Amino acid sequence: MKLNQIAAAPGARKSAKRVGRGIGSGMGKTSTRGHKGQHARSGGYKKVGFEGGQMPLQRRVPKFGFKPLAPKYTAVRLATIAKLSEDVVDMEVLIKAGLVDKREKVVKVYLSGTITKSIELKGIKVTKGVKAAIEKAGGKVTE
């Protein structure tokens with residue numbers, strides 16, 4: 001078999017409707033456009049969603065919902081960070097530990113559990129409670 005021998009199955013390809021080809025075709029004279037009116041004219045059209053002057057559906061229905069443009073935080077628990085062996089915790093450490101996906105931009109640590117060892121958080125957002133807990137344990141937070 002060669003490329004020039006490949007053909008569609010019989011009946012698979014239907015020929016296009018040919019309008020305006022005489023009275024015997026059944027689609028002559030007005031070419032299925034009817035008599036007069038906007039649709040019968042060349043260049044006549046109506047906008048998508050136009051309802052003849054009635055208030056269109058997309059304008060009648062009330063709008064709701066809002067998606068803010070503020071960045072989404074990926075939340076990490078303080079107890080989870082306390083289990084890490086590193087003394088300096090930043091985004092790379094969290095990604096290597098599998099706590100955060102590498103595509104995430106902003107991480108925020110929230111207070112859940114306790115921390116006893118001294119750690120330093122770099123480039124990670126924290127809540128007030130977490131900042132107080134880390135400083136109480138002898139660590140520091142630099143955002």
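**Exercise 1. How many salt bridges does the structure hold?**

Solution. 
Note the basis before starting. This is a predicted model, in which local features need pLDDT of at least 70, side-chain atom pairs count only at pLDDT 80 or more, and totals for chains, interfaces and linings use all residues. Residues are numbered from 1 along each chain as its sequence is written, and side-chain values use heavy atoms, with hydrogens and water left out.

Step 1. Apply the criterion: a side-chain nitrogen of Lys or Arg within 4 Å of a carboxyl oxygen of Asp or Glu.
Step 2. Take Glu51 and Arg60. Their side chains form a salt bridge, at 3.0 Å from N to O.
Step 3. Take Arg103 and Asp101. Their closest N and O atoms are 2.7 Å apart, a salt bridge.
Step 4. The total is two.

**Exercise 2. What is the strand order of the open sheet of three strands?**

Solution. 
Step 1. Strands are DSSP runs of E, at least two residues; helices are runs of H or I, at least four; both are numbered from the N terminus. Two strands pair if DSSP finds at least two bridges between them.
Step 2. The order is β1-β3-β5, with parallel pairing.
Step 3. The edges are β1 (74–77) and β5 (125–126), each pairing on one side only.
Step 4. β3 (residues 107–110) pairs with β5 in the parallel sense over two bridges. Lys108 stands opposite Lys125 in β5.

**Exercise 3. Over the face of which residue does Lys108 lie?**

Solution. 
Step 1. The test needs NZ of Lys or CZ of Arg within 6 Å of the ring centre and within 35 degrees of the ring normal.
Step 2. The ring is that of Tyr73, with Lys108 at 4.9 Å from the ring centre.

**Exercise 4. Which residues touch the most other members of the largest nonpolar core?**

Solution. 
Step 1. A nonpolar core joins buried Ala, Val, Leu, Ile, Met, Phe, Trp, Tyr and Cys residues through side-chain atoms within 4.5 Å.
Step 2. Of its 21 residues, the answer is Ile81, Val89, Leu94, Val109 and Leu121.
Step 3. α2 (78–82), α3 (91–97), β3 and α4 (128–136) are the elements that give two or more residues to this core.

Conventions
Buried < 20%, exposed > 50% of the residue type's maximum accessible area, 1.4 Å probe, protein only.
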